[in-house]
Amino acid sequence: MRKLTMAVLAAGVAAAAQAEVWYVPGWNRTTETNGLAYTSCTNVFKNAKCAFWGWDGDRGWSTSAANADVAAKRLADEIAATNAVFRSKLVLVGHSLGGRVVARTLAELSRRDLKVEQGIMLAPAIPMNDADVVKMGLGCVRPAIVVVN
């Protein structure tokens with residue numbers, strides 16, 4: 001799975017050569033800026049500026065899932081406050097509940113008629129029949145990538 005995940009991430013590298021990559025961690029990892037997934041992200045996107053985007057997900061599962069939905073609105077607001085040139089180079093990468101944050105953020109951006117370069121979700125903790133999954137692809141220029149196991 002790790003090799004496949006890195007291959008999928010590498011597929012986005014060409015577009016992200018001069019990009020800004022925001023990594024959104026999953027459940028119980030929301031303060032680990034030195035965690036394996038974030039380190040892998042910085043290794044894959046070597047020529048990009050990688051940033052860790054933390055949120056309140058170090059709680060019980062149900063509370064963290066609800067907090068992920070709130071965090072998505074906050075992330076969408078933060079992205080909406082940037083200029084179009086910045087957004088055109090922004091890649092969002094999220095794992096697990098962080099993938100849920102990314103999916104909901106992309107859907108919210110699409111409702112605001114805004115787009116980022118790309119969204120990459122690794123095993124996102126969101127049902128594939130969720131309405132935001134359908135909308136998330138409209139929140140990015142390049143196809144959203146979803147890796148599930």
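Where is A19 found in this structure? A19 is found in the loop between α1 (2-11) and β1. The model is a predicted one, in which local features need pLDDT of at least 70 and side-chain atom pairs count only at pLDDT 80 or more, while totals for chains, interfaces and linings use all residues. Residues are numbered from 1 along each chain as its sequence is written, and side-chain values use heavy atoms, with hydrogens and water left out.

The overall architecture comes first. The protein chain has 6 helices and 5 strands; helices (H or I, at least four residues) and strands (E, at least two) are DSSP runs, numbered from the N terminus. Along the sequence, these elements follow the pattern α-β-α-β-α-α-β-α-β-α-β. Of the 149 residues in the protein chain, 50% are buried, where buried means under 20% relative accessible area, exposed means over 50%, and partly exposed lies in between (1.4 Å probe, protein chains only). Contact means heavy atoms within 4.5 Å. Among contacts between residues at least 6 apart in sequence, 77% join residues at least 24 apart.

With a relative accessible area of 5%, A19 is buried. Leaving aside residues up to four places away in sequence, A19 touches A48, K49, K89 and V91. A19 and E117 are 98 residues apart in sequence, yet their C-alpha atoms are 8.6 Å apart in space.

K89, one of the residues that A19 touches, lies in the loop between α4 and β3 (90-95). Its relative accessibility is 42%, so K89 counts as partly exposed. With residues up to four places away in sequence not counted, K89 touches Q18, A19, E20 and E117. K89 and A48 are 41 residues apart in sequence and 9.6 Å apart in space, C-alpha to C-alpha.

The packing of two helices comes next. Helix α3 (residues 61-80) and helix α5 (residues 97-111) pack at an angle of about 40°, and their axes are 8 Å apart. That angle makes α3 oblique to α5. Here axes are lines fitted to C-alpha atoms, for helices over the stretch in contact, and angles run from 0 to 180 degrees between N-to-C directions. Angles under 35 degrees count as roughly parallel, over 145 as roughly antiparallel, 65 to 115 as roughly perpendicular and the rest as oblique. The crossing of α3 past α5 is right-handed; a crossing is right-handed if the near helix is turned clockwise from the far one by less than a right angle, and left-handed if anticlockwise.

The contact involves residues of both helices, including W61, A68 and K73 of α3 and L97, R104 and E108 of α5. By class, the contact of α3 with α5 has 11 nonpolar, 2 polar and 6 charged residues. In this scheme Ala, Val, Leu, Ile, Met, Phe, Trp, Tyr, Cys and Pro count as nonpolar, Asp, Glu, Lys and Arg as charged, and the others, Gly among them, as polar. E108, in helix α5, counts as buried at 11% relative accessibility. Apart from residues up to four places away in sequence, E108 touches K73 and A76.

Aromatic rings form a further set of contacts. A pair of aromatic rings is described by the distance of the centres and the angle of the planes. The structure holds 3 aromatic pairs; rings of Phe, Tyr and Trp (its six-membered ring) pair if their centres lie within 6.5 Å, and planes under 30 degrees apart count as stacked, over 60 as edge-to-face and the rest as tilted. One of the pairs is formed by W22 and F86, which are tilted, at 5.8 Å centre to centre and 50° between the planes. This pair links distant parts of the chain, since W22 is in strand β1 (residues 20-24) and F86 in helix α4 (residues 84-88), 64 residues apart. W22 counts as buried at 8% relative accessibility, whereas F86, at 25%, counts as partly exposed.

The rings of Y23 and F52 have centres 6.2 Å apart and planes at 45°, so this pair is tilted. Y23 in strand β1 and F52 in strand β2 (residues 49-52) are 29 residues apart, and their pair links distant parts of the chain. Y23 counts as buried at 4% relative accessibility.

N28, in the loop between β1 and α2 (36-44), has a positive phi near 60° and is not a glycine. A123, in the loop between β4 (118-122) and α6 (131-136), has a positive phi of about 45° although it is not a glycine. N28 is partly exposed, with a relative accessible area of 33%, and A123 counts as partly exposed at 23% relative accessibility.
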